[in-house]
Amino acid sequence: MSKRFLMSKISIVIPCYYNEENIPVTAARLIENETLFAQDVSFEYVLVDDGSKDGTLEQLKLFKQKYPEKVTIVKLTGNFGSYNAIYAGLQHATGDCTVVISADLQDPPELIVKMHEYWSNGVKVVLANREKRDDGFITSLFAESYHRIIRKYALPNLPNGGFDFCLFDRQARENILDNMQTNTNSLFLLLWLKYDYVTIPYERSKREIGKSMWTMSKKIKFFTDSFFSFSYTPIRLVSVFGIILSFVAGAYAILIIGLRLAGQIELTGWTAMMIVLLFLSAFQMVAIGILGEYLWRSLEASRKRPPYVIDEVY
């Protein structure tokens with residue numbers, strides 16, 4: 001066993017949002033998981049309360065009372081989203097490597113042992129990718145479609161099934177913080193940074209405690225943020241489609257003029273003209289909407305607003 005493996009500190013970052021019931025069970029499982037490591041491997045837990053309005057913060061404080069030297073609580077002023085909460089956790093992490101895991105135990109903490117072994121052998125990024133998931137049909141369909149689109153048009157190095165559970169080196173953590181952005185998937189920056197990684201497939205468990213706050217509107221926003229942050233495909237498609245329409249319109253105009261000069265048609269066809277105008281108008285509105293998504297993100301970046309605001313740190 002290498003010295004790097006023996007003498008290391010693991011920071012475990014957990015975004016928390018309405019996890020009052022989860023925290024006691026998750027905390028006990030994480031502490032129990034420490035026994036699977038060598039004695040010289042130390043742990044710190046950075047738990048970020050992302051604007052929860054239930055008893056999540058109180059449960060986090062109870063966890064800190066039991067392990068005051070290990071636990072740091074970061075309380076945000078409101079709900080900024082889990083991926084922005086991860087940024088807040090990374091800024092307070094001090095370990096040699098960092099693990100990001102959810103608070104609902106759908107991702108098994110025991111997998112951190114194998115992740116850490118890969119890291120100890122020099123792998124800077126280890127991704128636990130969801131090979132299977134015990135979710136409903138609609139949720140699974142949305143997730144599979146999302147990852148397929150992102151992999152094809154934005155991040156071709158995204159592993160099948162995607163990932164939210166991962167371990168990465170201090171250097172990668174600093175790179176993520178140096179490239180901190182609003183309205184994006186913070187963990188996908190690991191792929192954009194082009195680090196070589198190892199994947200560990202696993203089956204994501206069904207949530208047993210509490211209710212997920214991952215609503216459809218949040219899923220749609222998450223998809224658009226991830227897609228527009230890492231892909232220029234929508235802009236390219238608008239350009240290509242516009243060029244195709246220009247050629248079609250030009251050819252159609254030449255055909256109509258030729259037939260009119262030959263006396264084969266009269267200048268009629270109000271219905272057909274309106275259909276074409278409505279189609280082109282719809283395309284223009286979609287194109288403006290796509291451009292607006294990119295322009296809005298550019299405006300947000302130019303404002304340099306932080307992706308989160310911290311209320312207190314315990």
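Okay, let's start inside helix H4, where Tyr83, Asn84, Ala85, Ile86, Tyr87, Ala88, Gly89 and Leu90 are buried. By buried I mean under 20% relative accessible area, with exposed being over 50% and partly exposed in between, using a 1.4 Å probe and protein chains only. Eight of the 10 residues of H4 are buried, so this helix is largely enclosed by the rest of the structure.

Before I go on, some housekeeping. This is a predicted model, so local features need pLDDT of at least 70 and side-chain atom pairs count only at pLDDT 80 or more, while totals for chains, interfaces and linings use all residues. Residues are numbered from 1 along each chain as its sequence is written, and side-chain values use heavy atoms, with hydrogens and water left out. As for the labels, helices (H or I, at least four residues) and strands (E, at least two) are DSSP runs, numbered from the N terminus.

Back to H4, then. How do H4 and H7 pack? Their angle is about 125°, and their axes are 10 Å apart. That makes H4 oblique to H7. On the wording: angles under 35 degrees count as roughly parallel, over 145 as roughly antiparallel, 65 to 115 as roughly perpendicular, and the rest as oblique. The axes themselves are lines fitted to C-alpha atoms, for helices over the stretch in contact, and the angles run from 0 to 180 degrees between N-to-C directions. The crossing of H4 and H7 is left-handed, meaning that the near helix is turned anticlockwise from the far one by less than a right angle; clockwise would be right-handed.

Now for another helix pair. H2, residues 22-33, packs against H3, residues 56-66, at an angle of about 30°, with 9 Å between the axes. H2 and H3 are therefore roughly parallel to each other, and their crossing is right-handed.

On to salt bridges. The rule here is a side-chain nitrogen of Lys or Arg within 4 Å of a carboxyl oxygen of Asp or Glu. How many salt bridges does this rule give? The count comes to five, and I'll walk you through some of them.

Let's stay with H2 for a moment. Arg29 forms a salt bridge with Glu110, and the closest N and O atoms are 2.8 Å apart. Arg29 sits in helix H2 and Glu110 in the loop between strand E4 (97-100) and helix H5 (111-120), so to speak distant parts of the chain, 81 residues apart. Arg29 is partly exposed at 27% relative accessible area, and Glu110 is partly exposed too, at 34%.

Next come Asp311 and Lys75, whose side chains meet in a salt bridge at 2.9 Å, N to O. Asp311 lies in strand E9 (residues 310-313) and Lys75 in strand E3 (residues 71-76), so this pair ties together parts that are 236 residues apart in sequence.

Phi of Leu105 is near 65°, a positive value in a residue other than glycine. Most residues other than glycine have a negative phi. Lys194 also has a positive phi near 65°. Lys194 is found in the loop between helix H8 (189-192) and strand E7 (197-199), and at 59% relative accessibility it counts as exposed.

Last stop, the surface. Val240, Phe241, Ile244, Val248, Val276, Phe279 and Leu280 make a nonpolar patch of about 570 Å². Patches are made of residues with over 30% relative accessible area and no salt bridge; like charges are joined within 9 Å, and nonpolar side chains (Val, Leu, Ile, Met, Phe, Trp, Tyr) within 5 Å. Areas come from the Shrake-Rupley method with a 1.4 Å probe, and for residues only the protein chains shown count as cover. Which helix gives the largest share of the patch? H10 does, with four residues.
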